[in-house]
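Dear colleague,

Please find below the structure I promised to hand over, followed by some notes to read beside it.

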Amino acid sequence: MNLVRAELLKIRTTSTWWWLAVGAFVSIALAFAFNAWMASTVLGGDAETLGVSGEQATPAAQAANIYTSGQYLGLMFVMLIGILMVTNEFFHQTATTTFLATPRRTSVILGKLAAASLLGFLFWLATTVIDLVAGATFLSLNDHGTQLGEWPVQRALLFNLLAYTIWTILGVGIGTLITNQLGAVITAAVLYLVGTQVVGLLFLLLSNLLDSQAVLKWQVIWPAVASQVMISEGQSEFVPAWWVGALVLVGYAIVSGVAGVLITRRRDIA
């Protein structure tokens with residue numbers, strides 16, 4: 001518990017997380033505006049013009065999108081916090097002191113993982129409260145009700161929490177792999193933003209090459225895509241079931257956590 005408190009104190013004493021929080025809230029505002037417009041269009045009877053059909057065109061599905069607004073960039077921001085929790089130690093040259101104070105390196109990394117999970121929860125809580133207040137108001141004013149009693153909405157909120165928690169853990173794993181702070185942040189951000197688009201393009205080309213739309217489902221192996229899939233309602237020939245995204249993301253979290261512990265235990269700390 002003391003290790004977790006120490007990690008949280010380190011984060012609070014830096015200004016970086018404030019900037020990341022501001023970025024997350026800006027992304028919520030932009031995403032909410034888009035999702036609200038999309039919900040108005042879909043529920044207004046023009047779903048086909050946006051290519052939305054089936055379960056994804058229901059009020060509950062659209063409410064789930066609204067209540068999880070800002071997830072895409074929000075997950076990147078919490079991932080960066082996880083990275084900074086590790087790389088700050090090497091950037092400020094406090095790693096040696098940290099491991100001398102707590103010789104058991106496994107305990108140090110587990111403390112960082114626990115603190116990262118808590119921060120992921122806090123980010124989820126703050127963003128979800130904003131989405132719930134704004135979303136419930138918007139849906140009620142448009143005579144759709146809050147939809148909060150619907151399971152698809154509740155599942156989206158719960159799995160959004162899982163996503164925020166896992167992405168902070170992934171950040172810690174990346175930080176242990178790439179200890180150079182600037183290198184880790186740039187690499188992770190590029191892989192998240194650009195890599196997701198590249199993966200989508202590659203699977204689209206592969207789908208055309210094999211003349212099979214089912215290939216597009218395999219994009220879920222990319223963690224950013226898995227996060228979006230597991231909070232989505234329904235499935236199609238392009239999108240797998242929500243539980244597939246959840247399993248993929250949990251797998252990444254387990255691998256990241258184990259790799260972080262093993263790498264840190266074997267690394268020479270000067």
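Axes here are lines fitted to C-alpha atoms, for helices over the stretch in contact, and angles run from 0 to 180 degrees between N-to-C directions; helices (H or I, at least four residues) and strands (E, at least two) are DSSP runs, numbered from the N terminus. The model is predicted, so local features need pLDDT of at least 70 and side-chain atom pairs count only at pLDDT 80 or more, while totals for chains, interfaces and linings use all residues. Residues are numbered from 1 along each chain as its sequence is written, and side-chain values use heavy atoms, with hydrogens and water left out.

Helix α3 (residues 59-67) packs against α7 at an angle of about 25°, and their axes are 8 Å apart. Because angles under 35 degrees count as roughly parallel, α3 is roughly parallel to α7.

Residues 156-178 are 96% helix and 0% strand, with end C-alpha atoms 32 Å apart, whereas residues 185-206 are 100% helix and 0% strand, with end C-alpha atoms 30 Å apart.

The lining of the second largest pocket holds 16 nonpolar residues (Ala, Val, Leu, Ile, Met, Phe, Trp, Tyr, Cys and Pro), five polar and no charged ones, where Asp, Glu, Lys and Arg count as charged and the others, Gly among them, as polar. The elements that give two or more residues to this lining are α7 (151-177), α8 (181-210), α9 (223-229) and α10 (242-266).

Best wishes

Definitions and conventions. Parallel < 35°, antiparallel > 145°, perpendicular 65-115°, else oblique.
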